[in-house]
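Please consult the sequence and the model alongside the text.

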Amino acid sequence: MAMSGNGSAAVPAEVDVAVVGAGFSGLYMLYRLRELGFSAMAFDEAGDVGGTWYWNRYPGARCDIPTTDYSYGFDPQLEKDWTWSEKYATQPEILAYLQHVADRYDLRRDIRFGIRITAAVWDEASRRWRLRTSHGDEVSCRYYIMASGCLSLPKTPDIEGVDRYRGEVYLTGRWPHDRVDFSGKRVAVVGTGSSGIQCIPLIAREAARLTVFQRTPNFSVPAHNGAPPPDRLARLAADRDGYREAARWSRGGIPVELTDVSGVTAPEDVRRQRFEGAWQAGELFAILGVFNDQGVNPVSNELVAEMIREKIRAIVSDPDTAEALCPKDHPFGTKRPCLDTSYFETFNLPHVRLVDLRRTPIVTVTEAGINTVEESFEFDAIVFATGFDAMTGPLVSVAVTGAGGVTLEDKWEHGPATYLGLMTTGFPNLFMITGPQSPSVLSNMVVSIEQHIDWTADCLQRLRAENLDRIEPTPLAEAGWVQHSRDCADITLYPRANSWYMGANVPGKPRVFLPYIGGVDAYRRACQEVAENGLMGFRLDGPAGARCHDGVIRRIQPDVAIVLDLMASLGLPPVETMNVADARAFAEATAATMPPGPAVGEITDAVLPGPAGDLAYRLYRPPSAGPHPLIAYFHGGGWVLGSQHSDEPFCRDLCLRTGAVVISVNYRHAPEDRFPAAADDAFAAVQWMAANAAGLGGIPGQLTVAGWSAGGSLAAITCQLARDAGGPDIASQLLLTPVTDCDLGRASYSGNGEGFVLTAALMRWFWDHYAGEADRANPKASPLRGTLAGLPPAVVVTAEFDPLRDEGEAYAEALAAAGVPVRHIRARGHIHTSLTMVDAVISGAPVRAEMAEALGSFRPAPVQI
Ligand code: N01
């Protein structure tokens, strides 16, 4: 490689690959690149290797993932040769490990220390990046890799007067190399995140007086540090490769057993037992996994949160201090929880004091100390443990200008957009290691780093082998990944917190959830599929020509994907292979495993007169005082399965969201009663409800007819029959993924015909049981074939991965063409069954909210009588 610049530490003018950073990421990246024969150079502002562990030398700095797991897994010999002395190693030990790695693989010769990359410009003509260093050198590289860490840019304390202070000032993220002696000093610590919580107990040991300024109390659990856990060491010793592989395919980058215990349904003794076990384990993933629903269900989450608060109250002697230390403004886990050693106990020491900034905010830093609204404090030293401009900060702090002259900072003005957290459109050949929208900070970083680096190295090798030299994600693929990342976050409680995960700790930073929360395993699978599908979503170019297999790698809602995976793993026989009795028993058993739905005011069972005998119904009444609008509801089940209570969770949800009395009717089923029995029953039921609206607690004139699937078909048909019969008056219709036509040749039948629960084969089975060929085209079976003018306003919901999607869309379009007011809601990433899986598929909730809002918009004023 050609060299230029500063002497022995010469900076090359040209390399294949330039890497920013010499921490865990940069070191392994260099190792892989060298192994593949690329010329590579890494740059780091620090004086040596270590990254985070070079800078964060504050007292008490340790990892919070067991060090046996927080280690490289790429070289078994390295693992055998290194022994960790503690469960959670200290900063000096981790730094020594990284120095050992640098020495062992002779990596330092390709690292330039004390050099910062200040600018990077993409040159399209040469298809290379031009980098400028803080020493004024220029480096040209084909590929530019930001291995600059997620938490490497400390946030300047945004406190009035901070520059005025004349005493000693320390920033945890930029701690001096020489030992800082706090003996006999009056010390302040500002900030109670992981850094503050780690250093406070140690500073308290030395300081004459320690004052902790806390803005937001944080959840913390005892690390129970000590020797590396023998059970883990034994597992590693028995099968090191198997253990590492299990980590790679785990949810968080550590092999842990996931629980199926729900906080909501578990008995109190089980809850306590699980919580105490996690508290004693002293591991983040244990306390984050007490219940399987604590990350998504506020009730379950609050159980864990309150049990932690109880612990805090039991540890801290002064009740006011204890209360101030109890986090109450965010769900547990939605801000990074901490592992501590004697943190809460420290507040029992007579020389340690907590200042609650929520009660007495800081007014200013003075020359001598800190003034709050109530008091003036004087200090010999102030420690700012005030955090980082996380994830995007280190990336945009370099002036990166991509193709077309746009800077990364401008592109990400409203939040980062990446493909797989690895690359971003408009910035060809720029790779990010553990970038935004990758699991990174939500996982064992080392596992995620190795995965990103292996993927990137494999990609560069492949480009070279295929005579390509330019790679850039497509806008479609990137938008799809950004959407998927957001979908994953939106089903959790994480967006509710003002955390650095949300960018909320930096004034002016867009409020966007930064990491990918779908799991290390799911993420790895996505990256693998992208690679296996011809680098799907990337535009590739070079001497060999240009090519692109464009597409979106994940379109299904994440919780729907979990349901599908679960069902696939059960290996259940297809319903259409069963006899009707078995199919009904199976459907009932499946429904019984579902969460019941929200509590409503009242549920009653009764019968109404039908054309061939009584029809059972179940009525769901809102808790508010009536009268209410009425909804006649027809369940799904392909005219064969189901009953008045089979859609209970959905009916309850509908009742609460709309504030309506929902009456779910059990119409006659096929094959015992074939076409048009179900349609006749549905119409009769609606006639009866209209006639008895007041007695049912309904508001006259506010009757909606609703249904799901085959029940949606019955709702649509009822509206047509009512119009033709001159009544009853129907205010609106709600058709949820309805059957509207007997033509099974539409594209969604072939595209979504298999693998999404309701299959094309099952629909055929339903039709065969319900109606003969001659009857199917009858509008009383295929409402799309009826006259649509003059029908009540309609809310039509279709699901993207539903065989019935296209006939639902066709019905919405045909209604609109016939002059009927229509709200068509397209449920992105959903399947036929997922919108009714209340509390099991959380991503369905916003769709149901929109549905209820749309129905409300069609609601007429009450009829005055
Ligand atoms: O930073 P933080 P950190 N006035 O942002 C407060 C990793 N890490 O360096 O919450 C007053 O969490 C701020 O208050 P608030 C780990 O992932 C790991 O501690 O914004 N206070 C908060 O209390 C961690 O999550 C380890 O209201 C101000 C604190 O400062 C991440 O790094 C160890 C303030 C900042 O907490 C960041 O942790 C250390 C102001 N103007 C770090 N501005 C391990 O154990 C901010 N604060 C491996």
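With a relative accessibility of 4%, Thr434 counts as buried. Here buried means under 20% relative accessible area, exposed means over 50%, and partly exposed lies in between (1.4 Å probe, protein chains only). Leaving aside residues up to four places away in sequence, Thr434 touches Cys150, Met391, Ser440, Met445, Ser448, Ile449 and His452, where contact means heavy atoms within 4.5 Å.

This is a predicted model, in which local features need pLDDT of at least 70 and side-chain atom pairs count only at pLDDT 80 or more, while totals for chains, interfaces and linings use all residues. Residues are numbered from 1 along each chain as its sequence is written, and side-chain values use heavy atoms, with hydrogens and water left out.

## Backbone features in loops

Leu420 belongs to the loop between α14 (408-411) and β20. Its phi is positive, about 65°, although Leu420 is not a glycine. The relative accessible area of Leu420 is 0%, so the residue is buried.

Asn467 is another non-glycine residue with a positive phi, near 60°. Asn467 sits in the loop between α15 and β21 (470-473) and, at 42% relative accessibility, counts as partly exposed. Cis peptide bonds also occur in loops. The bond from Gly626 to Pro627 is cis, with omega near 0°, and Pro627 lies in the loop between β25 and β26. Gly727 and Pro728 are likewise joined by a cis peptide bond with omega of about 0°; Pro728 is in the loop between α22 (710-725) and β29.

## Two enclosed helices

Helix α20 (residues 648-658) has 9 of its 11 residues buried, so it is largely enclosed by the rest of the structure. The buried positions are Glu648, Pro649, Phe650, Cys651, Arg652, Asp653, Leu654, Cys655 and Thr658. These residues pack against the strands β24 (602-610), β25 (613-621), β26 (628-634), β27 (661-665) and β29 (732-736), and against helix α27 (845-857). Just after α20, Gly659 adopts a positive phi of about 65°.

Helix α24 (residues 760-770) is also largely enclosed by the rest of the structure, because 8 of its 11 residues are buried. Its buried residues are Ala760, Leu762, Met763, Trp765, Phe766, Trp767, His769 and Tyr770. Their cover includes α19 (580-592), α21 (677-691), α23 (747-751) and α25 (773-776).

How many disulfides does a search of the whole structure find? The search finds 0, a disulfide being a pair of cysteine sulfur atoms within 2.5 Å. Cys63 is in no disulfide, and the nearest cysteine sulfur, that of Cys338, is 14 Å away. Cys63 is buried, with a relative accessible area of 6%.

For Cys719, the closest cysteine sulfur is that of Cys651, and the separation of 17 Å is too far for a bond. Cys719 is buried as well, at a relative accessible area of 1%.

The ligand is surrounded by 26 residues, of which Thr192, Ser195, Arg215, Thr216 and Lys335 are the closest; a residue is near a molecule if one of its heavy atoms lies within 4 Å of it. Helix α5 (residues 194-206) contributes the largest share of this shell, 3 residues. By class, the shell has 9 nonpolar, 9 polar and 8 charged residues. In this classification Ala, Val, Leu, Ile, Met, Phe, Trp, Tyr, Cys and Pro count as nonpolar, Asp, Glu, Lys and Arg as charged, and the others, Gly among them, as polar.

A side-chain N or O atom of Trp500 lies 2.9 Å from an oxygen atom of the ligand, and for a side-chain N or O atom of Asp64 the distance is 3.5 Å. Taken alone, the ligand exposes 910 Å², and the protein buries 89% of that; accessible areas come from the Shrake-Rupley method with a 1.4 Å probe.

Definitions and conventions. Helices (H or I, at least four residues) and strands (E, at least two) are DSSP runs, numbered from the N terminus. A polar contact is a pair of N or O atoms within 3.5 Å; within protein, one must be able to donate a hydrogen and the other to accept it, and residues adjacent in sequence count only if both atoms are side-chain atoms.
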